[in-house]
Amino acid sequence: MSPVLKTGAAALPTEMMSTAELRRALPLATVRGLEVCYEKKNPVPVLDGVDLDLFPGEMVSLLGASGSGKSTLMKSLTGFAPATAGTVRVAGHDLRNLQRGELRQLRSEVGQVFQQFNLIPRLSVLSNVLTGALHQAGAINLVGGFSSAHRKYAMELLDRVGIAHKAKEPARSLSGGQQQRVAIARALMQRPRLILADEPVASLDPKLADSVLQLLRDIAQQDGIPVLVSLHVVPLALAHSDRIVGLRQGKMLFSGKCSELDTQSLKGIYEDGDTDVH
């Protein structure tokens with residue numbers, strides 16, 4: 001019998017699927033039984049038995065109170081929070097058995113978007129986006145040089161996120177929402193295979209938060225890049241995600257479609273006052 005993979009509502013034999021369909025049907029990142037402990041002498045797991053799959057083209061939101069393990073889960077996907085048990089595979093890399101130089105390569109393939117933007121304030125918007133190509137540029141970046149192809153692509157990305165007209169302005173002159181768009185363009189400059197966004201809208205007002213999350217979801221769908229985003233505001237997660245993963249005290253208490261997240265599930269994820277459900 002031929003192997004069968006589920007793609008949307010259909011289940012197709014693998015030999016009937018195109019290369020593109022196969023890529024979208026297989027997870028780009030797979031986590032099984034993940035445990036992370038920071039203290040060796042007092043090994044209380046920060047993450048305990050977490051399972052996760054991230055598929056091309058989808059946006060998955062992490063929900064959970066502060067200290068639930070959301071940021072640690074993201075860091076485990078780039079090796080900044082090494083697994084003490086379980087398996088983590090990202091874009092073909094086994095993070096528990098990396099070869100020499102492989103960790104640097106993995107990190108170059110994962111775009112990251114942060115709550116505080118992490119831009120260089122005095123540099124121009126264009127220069128900030130170009131820093132996303134440092135791994136590709138190689139030795140030429142040591143003298144501040146980037147190819148014309150890099151500069152053209154950076155401008156295309158700025159146009160895509162809606163702020164090409166700000167390219168020559170210093171990053172510090174931009175509003176919070178504009179700076180986050182620069183950060184997203186910088187992440188795309190890496191030509192990432194996965195995007196991690198850790199509380200990317202925590203410092204933005206609701207309207208800007210909606211627009212930034214919609215941009216991330218558009219990128220996931222149009223480019224076939226999985227986006228994993230951690231959020232505190234439940235309605236934002238429900239409005240912009242394909243799936244929800246809920247963590248509490250390092251354990252995964254919920255994983256499913258947005259429509260499956262009910263009041264009882266939310267109570268399991270959060271204690272009173274731990275979340276904004278409005």
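Two strands are counted as paired if DSSP finds at least two bridges between them, and the strands (E, at least two residues) and helices (H or I, at least four) are DSSP runs numbered from the N terminus. The legends below concern a predicted model, in which local features need pLDDT of at least 70 and side-chain atom pairs count only at pLDDT 80 or more, while totals for chains, interfaces and linings use all residues. Residues are numbered from 1 along each chain as its sequence is written, and side-chain values use heavy atoms, with hydrogens and water left out.

**View A. The hairpin of β11 and β12.** Strand β11, residues 243-248, runs antiparallel to strand β12, residues 251-257, and the two are joined by 6 bridges. Within this pairing, I244 has G256 of β12 as its bridge partner. The hairpin has 2 residues between the strands, and Q249 takes a positive phi near 50° there.

**View B. The open sheet of 4 strands.** The order of the strands is β4-β3-β6-β7, with antiparallel pairing. At the edges lie β4 (47-54) and β7 (93-94), each of which pairs on one side only. Strand β3, covering residues 29-36, is joined to β4 by 6 bridges, and T30 has D53 in β4 as its bridge partner.

**View C. The salt bridge between D48 and K251.** A salt bridge is a side-chain nitrogen of Lys or Arg within 4 Å of a carboxyl oxygen of Asp or Glu, and the structure holds 7 of them. In this one, the side chains of D48 and K251 meet at 2.7 Å, N to O. Because D48 lies in strand β4 and K251 in strand β12, the pair ties together parts that are 203 residues apart in sequence. D48 counts as partly exposed at 27% relative accessibility (buried means under 20% relative accessible area, exposed over 50%, and partly exposed in between, with a 1.4 Å probe and protein chains only). K251 is likewise partly exposed, at 41%.

**View D. The salt bridge between D223 and R160.** The closest N and O atoms of D223 and R160 are 2.8 Å apart. This pair links distant parts of the chain, since D223 belongs to helix α8 (residues 206-223) and R160 to helix α6 (residues 148-160), 63 residues apart. D223 is partly exposed, with a relative accessible area of 36%, and R160 is partly exposed as well, at 32%.

**View E. The salt bridge between D94 and R89.** Here the closest N and O atoms are 3.9 Å apart. R89 has a relative accessible area of 40%, so this residue is partly exposed.
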